[in-house]
Amino acid sequence: MENCDQPGKPGTSPALKNQATRLRDIKPFYVMEILERAFALERSGRSVIHLEVGEPDFPTPAPVVEAGMRALREGKTRYVQALGIDELRARIAARYPPPCRPPSERVAVTPGSSGAFQLIFGSLINAGDEVLLTDPGYPCNANFVRLYEGKPKLVACDATAGYQFTADAIKTAWTERTKAVLIGTPSNPTGTSVPPDEMTRIVETVDRLGGTLIVDEIYHGLTYDSDVRTALYDSDRAFIVNSFSKYFGMTGWRVGWLVMPSAFIDGITKLAQNLFISTSTPVQFAALRALEEDVIAELERRRNVFRQRRDFLVPALRELGFKVPVMPQGAFYVYADCSAFTGDSYSFALDVLASTGVAIAPGKDFGRHRQHEHVRFSYANTQDMLQQAVERLAEYLRDKQSAS
Ligand SMILES: Cc1ncc(COP(=O)(O)O)c(C=O)c1O
């Protein structure tokens, strides 16, 4: 049957024809295909090493879980303020050191940073407005822009600039339809960051162009060589996005935050009231506990473990023949150039999984630019598993070489 997968097209199957055309433009996550195959292998008794996942392997710290349960027991189960409970907004604001500490009115608690992006794009984008995004980058952002009828404009960012935007690259890509630019630092999938002086130049450039800067700082806290400075240091006009998902180990709780420019407080409040009513109440009390000193001490210990894993995995992958031109400074990803082995990173990822049981994410999940030459390794797995994965890959690549 022709066209039966085309939402909104006349003549398609009755179940599909009423679907909005925008669904056509929303991309699936290809890594889910890898994940499904990995689960199938596990069900058949094979040992699988998961290096495809985008979440910490550590559990949520016990005091945070306890605080969430206490909130439930105490009946903290009703709607609260649309932008979050006051204590949590104040504690989040206090995480930012002076001079860039925002007033807590500028902080909104959201259902994950994914909720924050919906509020931001919903309050910024008119139909046809362009948003500049790095390619490679976190794929959902383009889909959010599309959902609000905007135009995601992927800008190729090479290793020479650490896979990140520079002020010059933004200037070159800017058109009269550009409304905003989004930067993830440290980035998913590359783990690379924008250096502080470049961020200052970017802020000045975006201001001069009359646009809005959005900075995704969800991997702040998970940086290994030096702390990455928040873009709030440079601007009170930018949107800053963060989350309890990654550093705090709370992916499934669905709680994040944004810091917004003052001018947007009323608009974002209206949108939050309508979209979410409020973020889960018990979860906000758990998040509040996550900001206390004893929990942070545990998270800092975990940060050191991630650093050790990175320091093992990057040289090991280079030794195997993957190119990692820029040392990732943060997150838990290595974006590796696999062009020495393949011209099709998706088939490569599938073949690596089938042959070795090592699951990795294909480049095509993260954009178009040189996607076929890259795969993403996540080191959200134990040192022992990373070691085993490297051994399995070494054998696989040796066999591949001797077969060719
Ligand atoms: C760069 C980046 N931004 C945002 C998100 C969404 O995170 P959450 O909605 O769990 O806060 C992710 C998740 O992987 C991510 O990698």
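R254 counts as partly exposed because it has 18 C-beta neighbours inside 10 Å. The scale runs as follows: a residue is buried if 20 or more other C-beta atoms lie within 10 Å of its own, exposed if 12 or fewer, and partly exposed in between, with C-beta atoms placed from the backbone. R254 is found in the loop between strand 7 and strand 8. Its phi is positive, about 65°, although R254 is not a glycine. A331 also has a positive phi, about 60°, and is not a glycine either. A331 sits in the loop between helix 12 and strand 9. With 31 C-beta neighbours inside 10 Å, A331 counts as buried. Most residues other than glycine have a negative phi, and most peptide bonds are trans.

This is a predicted model, in which local features need pLDDT of at least 70 and side-chain atom pairs count only at pLDDT 80 or more, while totals for chains, interfaces and linings use all residues. Residues are numbered from 1 along each chain as its sequence is written.

**Cis peptide bonds**

The bond from P98 to P99 is cis, with omega near 10°. P99 lies in the loop between helix 5 and strand 2. The bond from D135 to P136 is cis too, with omega near 15°. P136 lies in the loop between strand 3 and helix 7 (140-147).

**The chain as a whole**

The chain has 14 helices and 12 strands. Helices (H or I, at least four residues) and strands (E, at least two) are DSSP runs, numbered from the N terminus. For 404 residues, a compact globule would have a radius of gyration near 22 Å, and the chain agrees with its 22 Å. That radius is taken over C-alpha atoms, and the globule rule is 2.2 Å times the number of residues to the power 0.38. The C-alpha trace spans about 65 × 55 × 50 Å along its principal axes. Of the 404 residues, 44% count as buried. Among contacts between residues at least 6 apart in sequence, 71% join residues at least 24 apart. A contact means that the C-beta atoms of two residues, placed from the backbone, lie within 7 Å.

Seven strands form an open sheet in the order 2-8-7-6-5-3-4, with mixed pairing. Strand 2 (107-110) and strand 4 (151-156) stand at the edges, each with a single partner strand, so one side of each has no neighbour in the sheet. Neighbouring strands are turned by 25° against each other on average, direction ignored. Two strands pair if DSSP finds at least two bridges between them. The table lists some of the pairs in both sheets.

| Strand pair | Bridges | Direction |
|---|---|---|
| Strand 3 (residues 130-135) and strand 4 | Six bridges | Parallel |
| Strand 2 and strand 8 | Four bridges | Antiparallel |
| Strand 7 (residues 239-243) and strand 8 | Four bridges | Antiparallel |
| Strand 9 and strand 12 (residues 374-378) | Five bridges | Antiparallel |

L258 in strand 8 stands opposite A108 and opposite V241. L133 has L154 in strand 4 as its bridge partner. Helix 5 (residues 86-95) packs on this sheet, touching strand 2 and strand 8 (256-259), and its direction makes about 115° with that of strand 2. Axes are lines fitted to C-alpha atoms, for helices over the stretch in contact, and angles run from 0 to 180 degrees between N-to-C directions.

Strand 8 is covered on both faces: G256 and L258 on one side and W257 and V259 on the other are all buried. In a regular strand the side chains alternate between the two faces of the sheet.

A second open sheet has the order 9-12-11, with antiparallel pairing. Its edge strands are strand 9 (333-337) and strand 11 (361-362), each pairing on one side only. Y335 has R376 in strand 12 as its bridge partner. Helix 12 (residues 293-320) packs on the sheet, touching strand 9 and strand 12, and its direction makes about 10° with that of strand 9.

**Helix 11**

Seven of the 10 residues of helix 11 (residues 281-290) are buried, so the helix is largely enclosed by the rest of the structure. These are V283, Q284, F285, A286, A287, L288 and A290. Their cover includes helix 4 (62-73), helix 5, strand 2 and helix 12.

**Around the ligand**

Of the 13 residues around the ligand, G112, S113, S114, S243 and S245 come nearest. A residue is near a molecule if its C-beta atom, placed from the backbone, lies within 6 Å of it. Helix 6 (residues 112-124) gives the largest share of the shell, three residues. The shell divides into two nonpolar residues, 10 polar and one charged. Here Ala, Val, Leu, Ile, Met, Phe, Trp, Tyr, Cys and Pro count as nonpolar, Asp, Glu, Lys and Arg as charged, and the others, Gly among them, as polar.
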